[in-house]
Amino acid sequence: MAQIRIENVRKDFGSFNAVKSSSFTIEDGEFFMLLGPSGCGKTTTLRMMAGLELPTSGEIYIDGEEVGQKPASQRDIAFVFQMFALYPHMNVGKNISYPLLSQGMPNAQVKKKVAEIAEILGITDILNRPVGGLSGGDRQRVALGRAIVREPKAFFMDEPLGALDAEFREHMSEELRALHDRMGATTVYVTHDQLEAMQMGDKIVVMNHGVVEQFGVPQDIYDWPATKFVAQFIGSPSMNFLDFNGTVGKGTETVDLGGARIAVPRLLDGESGALTLGVRPEHVYLSDAAAYRGEVIATEYLGTTQIVTLKTQHGQVKVRMPSHLNVRRGERTGLDLDARTLTLFSASTGHALR
Ligand code: ATP
């Protein structure tokens, strides 16, 4: 078990700055997600924690000990790669026992340990099979078995399910999470899939262009995005953005959105000029009485809910609502925005005003 703390960590590759000064803490036993689009620096951040890459500056602490310049072999962690790096000439049991045998653990103890791990992963019946003919899921389980058998302080996983098809991926992500809950070891997991991060993570760091945009529990990141980037990257369909000019700050109760008065949350921060009002699709309600108007241009049926797209004077707005409500294309209606759930952003910095 391990607490991992990153302080002002930066990574340059030559003149390219891949990770800007980043700081966050992963608590002991957490399932922690590094989330962001391709190239944002999440793999580099993970590799620095694991000791596979050295930071250009800043400190990395594992259980209070500064390990930033120590190699991976001195950090007592296990890395699970996306590509299942198994030994092809060994059977399942040998693949899992290899790390223990190479540490010099006596044979009888190794056997007991491997049997335990196989039981946890549900692969007891394939221990004697060659790894060559295994399905993707079983290969993943063997790779996991090999990582957890040493009982490392922490697990580092880089898109471990990336190569699996959608259905199997969901199944394996549930298994992984259940395995973590049984074992309780700190796990750091890289993904570009916001849904996977929300479903699996205790906490999430959202990165973009080498910068930590936000760090927190999934619900806070979803409900209270710190930046426009986070608001857009998390949630599907993403948050609606309505650009307007105005003044907000302490005491502001409403803003003028193209002639309609819209109630907004109370803020401490203030700003004048170009602003953006953000609202999630499930927090917009169609109501004839509402002053802010739009025209229905599309509906998308999703089973229990539907996504209705409206054309407004601020561009398209998507609304998530129950499927049984009848909405006709071409209909003009009012849009009621739930004031308690709105986020106001500075258009110049992209930061949320609080
Ligand atoms: P992906 O999901 O595509 O792997 P990522 O968020 O994990 O993206 P990184 O792999 O951390 O991103 O890469 C961040 C940036 O640093 C990218 O622009 C990448 O090209 C660059 N980079 C990574 N490793 C090196 C390296 N060894 N030398 C030079 N540039 C690198």
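Predicted model: local features only at pLDDT ≥ 70, side-chain atom pairs only at ≥ 80, totals over all residues.
Begin with the open sheet, in which five strands follow the order β15-β19-β16-β17-β18 and pair in the antiparallel sense. Select β15 (284–286) and β18 (315–322): these strands stand at the edges with a single partner strand each, so one side of each is left without a neighbour in the sheet.

Within the pair, display Ile307, which stands opposite Arg320 in β18.

Now colour the chain by domain. Domain 1 covers 4–229 and domain 2 covers 238–353. Their centres, taken over C-alpha atoms, are separated by 38 Å. Where the two parts touch, five residues of domain 1 are in contact with seven residues of domain 2. On the domain 1 side of this contact, the residues comprise three nonpolar, one polar and one charged.

Finally, turn to the ligand. Select the residues around it: Phe13, Phe16, Ala18, Gly36, Ser38, Gly39, Cys40, Gly41, Lys42, Thr43, Thr44 and His192. Which element supplies the largest share of this shell? The answer is α1, with three residues. Colouring the shell by class shows four nonpolar, seven polar and one charged residues.

Methods: Residues numbered from 1 in each chain as written. Pairing = 2+ DSSP bridges. Helix = DSSP H or I, 4+ residues; strand = E, 2+ residues; numbered from the N terminus. Domains from an automatic or database assignment. Nonpolar A, V, L, I, M, F, W, Y, C, P; charged D, E, K, R; others polar. Near = placed C-beta within 6 Å.
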